[in-house]
Amino acid sequence: MGRTTINEDRLFVAVTTGSWILVVILSLAGYVFGSGSFAAGILAGGILAIGNFYWLKNTLRRVLNLQPRQASNFAQFRYLLRLALVALTLYLLIVHTQIDIIGLIIGLSVLVVVIMGLSLYMLLDKGE
């Protein structure tokens, strides 16, 4: 079987795929070694983080197709809307559900872990 390399063109796919895989693994491990509430926190945080990442990509793609004056206002509005919806979702999850907060934080950190891992992989693979 050939070796798969991750280049800049496939980076978004690698980040999102790795994030989904890590969320599933961490959620299952959280359920087996922790509790259902802990696993639900990891899953909810991971879904929220990955959804936010997809939304950011979509916004950036649309901004790059606009005129500079329109792009600034559009990006600012979308940023504030995204921030408000993420804050509202986190508030509802923390206050109105029985989700474990530590699990939620772990789930929210999934993208950071995957991006750091891919950065190290690309650094070591290219020898730079």
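Contact here means heavy atoms within 4.5 Å. With that in hand, let's look at this predicted model, where local features need pLDDT of at least 70, side-chain atom pairs count only at pLDDT 80 or more, and totals for chains, interfaces and linings use all residues. Residues are numbered from 1 along each chain as its sequence is written, and side-chain values use heavy atoms, with hydrogens and water left out.

**The whole chain**

- The protein chain has five helices and zero strands; both kinds of element are DSSP runs, numbered from the N terminus, with helices being H or I of at least four residues and strands being E of at least two.
- Going along the sequence, you read the pattern α-α-α-α-α.
- The C-alpha trace spans about 50 × 45 × 25 Å along its principal axes.
- Of the 128 residues in the chain, 27% are buried (buried is under 20% relative accessible area, exposed is over 50%, and partly exposed is in between, using a 1.4 Å probe and protein chains only).
- Take the contacts between residues at least 6 apart in sequence: 74% of them join residues at least 24 apart.

**Helix 1 and helix 2**

- Two packed helices are described by the angle between their axes and the distance between the axes.
- For helix 1 (residues 11-33) and helix 2 (residues 36-63), the axes come within 7 Å and cross at roughly 170°. The axes are lines fitted to C-alpha atoms, for helices over the stretch in contact, and angles run from 0 to 180 degrees between N-to-C directions.
- That crossing makes helix 1 roughly antiparallel to helix 2 (angles over 145 degrees count as roughly antiparallel, under 35 as roughly parallel, 65 to 115 as roughly perpendicular, and the rest as oblique).
- Helix 1 brings residues including Phe12, Trp20 and Tyr31 to the contact, while helix 2 brings residues including Phe38, Ile47 and Lys57.
- Sorted by class, this contact has 14 nonpolar, six polar and one charged residues. Ala, Val, Leu, Ile, Met, Phe, Trp, Tyr, Cys and Pro count as nonpolar, Asp, Glu, Lys and Arg as charged, and the others, Gly among them, as polar.

**Thr16, a residue of helix 1**

- Thr16 sits in helix 1, and with a relative accessible area of 5% Thr16 is buried.
- A polar atom of the Thr16 side chain lies 3.2 Å from the backbone oxygen of Val13.
- Setting aside neighbours within four places in sequence, Thr16 is in contact with Phe53 and Tyr54.

**Helix 3 and helix 4**

- The axes of helix 3 (residues 68-96) and helix 4 (residues 101-108) come within 10 Å and cross at roughly 155°, so helix 3 is roughly antiparallel to helix 4.
- Leu90, Leu93 and Ile94 of helix 3 meet Ile101, Leu104 and Leu108 of helix 4.
- By class, that contact has six nonpolar, no polar and no charged residues.

- Val110 belongs to helix 5 (residues 110-126), and Val110 counts as buried because its relative accessibility is 2%.
- Apart from neighbours within four places in sequence, Val110 is in contact with Ser19, Leu22, Val23 and Leu26.
- Val110 and Val23 are 87 residues apart in sequence, and their C-alpha atoms are 6.8 Å apart in space.
- Leu85 is in helix 3 and is partly exposed, with a relative accessible area of 38%.
- Leu85 and Leu124 are 39 residues apart along the chain, and their C-alpha atoms are separated by 38 Å.

Conventions:
A polar contact is a pair of N or O atoms within 3.5 Å; within protein, one must be able to donate a hydrogen and the other to accept it, and residues adjacent in sequence count only if both atoms are side-chain atoms.
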